[in-house]
Structures are given as C-alpha cells and as structure tokens.
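I opened the model today to go through its sheet and helices. These are my notes.

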Amino acid sequence: MLDSSMAYFGKSVPVESFLDDISREAEKSGFTVETLVEAADLPLLALSRRGPAGAPSVYLSAGIHGDEPAGSLALLELLETDLSEEVTWHICPMLNPGGAKTNSRNSPANVDLNRDYLALTQPEVKAHAKWLGTCDEFTLSICLHEDWEANGFYLYELNPHPERSVASEIVRAVEPVCPVDHSERIDGHAARNGVIIPNKKDLQRDDWPEALYLFTHHTGIGYTLETPSGFPLRTRVEAHVAGCLAAVRALLAHKAEGID
Ligand SMILES: [Zn+2]
C-alpha cells in the first residue's frame, strides 16, 4: 500500500482511484460514506463513524488545496490501519477534488476554497458547511496542509483551554519521522517548538480559512498541521499520520485523567 499511495496524484494515476479506495476502506471499517456535492464530476466525500456514548468527537480534513496531497494520503493510511473505536469520527479526505485532479491549489472555478469560509460562496464550501451543521460539536479538529516554503513541520493551534492542548504531543510524535521547524518565526508568526498560536488580530480577517470556521462554530480545539512540501511525499504522509494518531492518543489520555 505504501508504494502505491506514492503514485496517487501523479500524472498517470487519477484522483478517481484515490476516492474509490478511500470509500472502500471507509465502508470496510464501518464508516458511513456521503457525497456532499460533485465538483468537476468528482465526489466531495464525508466519512463518519460513531463511537460509544460519551466518546470524544474528532474531525479530520485534508485536500482543500489541490496541490497538497500528503494529508489526503495520510487519511487513507489512517483508515487502513488503526482508528480508535473510542472516538466518534468525522473525516473529509479531499475537500477540493477538482483541484487535486489538476494538482492546483485553487478549485476548478479558480478560487482558494480555504479563504471562502466566511462568505460561503463556492459549491464545495457551501456543501461542506451545511454538512458540518449536521454533526455534533467536535472535541478536536485537525486540518492537514502542506507548505511549499516550510523548512520543516509546524502547526497552528486554536485553543481557548491551554490545559487541553495536545500540540507538544503532536510535535514530539512527528519529530522522529520529519524535521520540525524550531524557528522563532514561521510564516510571519511568532512560533515556539513548531507551534504557532494565532493572536486575536490574526483571527480578525474576512477571508476565513476552514480552521477559523470550525473554531468559531464547530470545535473545542483546532489544529492545522503543515508538512514541508519540499520533503519526500513519504516523509510528509508519515508526519501527518503520526501527528493525527498522537493528537487522538493525547485526547483520550486527557479524558481518562478527567481533563475534558
Ligand atoms: Zn494548504
């Protein structure tokens, strides 16, 4: 599987295969698979599986930028391996399938979908926001991205409850598989040990990304993970897999300790 996943999003392997594979894996693992809208004749998929009563709810998404394949591939690997039964899952594995098909950041309408979550003008974003409205509030959400200018892995944290942070656990888990950017400034923000905590001013913008919409309406804690696009795809996929698994492990550990 690891080798064939490397071929997705290449010139010869269609995104359709990825969407078929992830639907099949999801159904095999007991997920409900929904098509939220068709974009460029490709389904925008949402996958859900309920955990036991009182289980924390985790949302994962990837592929809102069509030229950032590692997140989508990581979600396929997570579905193939070990997603905890102790969690209610909501997963959007590819939010911009039309962009992925042409390896473009923007949608086929040439819009950066990750700037449309306040205006909600695009069919993909509208359908996604409508579906989010049908889900229970998420305990934790993670949006998977890649950065062409990054020197290493880093993340953004939106979290009003520092005692519930799982940022250091994510970074610790990623570090053995992918270098972490330990700069004091990353992407124009102050950073510490690969973690950027946006300030109030950063959040006052009218071109909302998905993460800000989630944080405003749907999630207790939100993370955006960024892998460095210049590194091998395998490294970036492993970084996202390790980061997501560590976040959920830490969330369940906090719950067991009564920190929730
Ligand atoms: Zn991105």
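The entries below cover the sheet first, then the helices.

**Ground rules.** I am working on a predicted model, where local features need pLDDT of at least 70, side-chain atom pairs count only at pLDDT 80 or more, and totals for chains, interfaces and linings use all residues. Residues are numbered from 1 along each chain as its sequence is written.

I looked up the strand order. Eight strands form an open sheet, 1-2-4-3-5-10-6-9, with mixed pairing. Strands (E, at least two residues) and helices (H or I, at least four) are DSSP runs, numbered from the N terminus. Two strands count as paired if DSSP finds at least two bridges between them. Strand 1 (32-39) and strand 9 (195-196) are at the edges; each has a single partner strand, so one side of each lacks a neighbour in the sheet.

**Hairpin.** I then checked strand 1 against strand 2. They pair antiparallel over seven bridges. Glu-38 stands opposite Pro-43 in strand 2. The two strands form a hairpin with two residues between them. In the turn, Ala-40 has a positive phi of about 50°.

**Strand 5 and its partners.** Strand 3 (residues 57-62) pairs with strand 5 (residues 138-147) in the parallel sense, over five bridges. Ala-62 faces Leu-144 in strand 5. Strand 5 and strand 10 are also paired in the parallel sense, over nine bridges. There, Asp-147 stands opposite Pro-228.

**Strand 10.** I asked how many residues of strand 10 are buried. Nine of the ten are, so the strand is largely enclosed by the rest of the structure. Buried means 20 or more other C-beta atoms, placed from the backbone, within 10 Å of a residue's own. Strand 6 runs antiparallel to strand 10, joined by five bridges. Tyr-156 has Thr-224 in strand 10 as its bridge partner.

**Helix on sheet.** Helix 6 (residues 167-174) lies across strand 6 (154-158), strand 9 and strand 10 (219-228), at about 165° to strand 6. Angles run from 0 to 180 degrees between N-to-C directions of axes, which are lines fitted to C-alpha atoms, for helices over the stretch in contact.

**Helix 2 and helix 3.** The axes of helix 2 (residues 15-28) and helix 3 (residues 69-80) come within 9 Å and cross at roughly 30°. The two helices are therefore roughly parallel, a label for angles under 35 degrees. Phe-18, Asp-21, Ile-22, Glu-25 and Ala-26 in helix 2 meet Ser-72, Leu-76, Leu-79 and Glu-80 in helix 3. Contact means C-beta atoms, placed from the backbone, within 7 Å.

Methods
Contact = placed C-beta atoms within 7 Å. Parallel < 35°, antiparallel > 145°, perpendicular 65-115°, else oblique. Buried ≥ 20, exposed ≤ 12 C-beta atoms within 10 Å, placed from the backbone.
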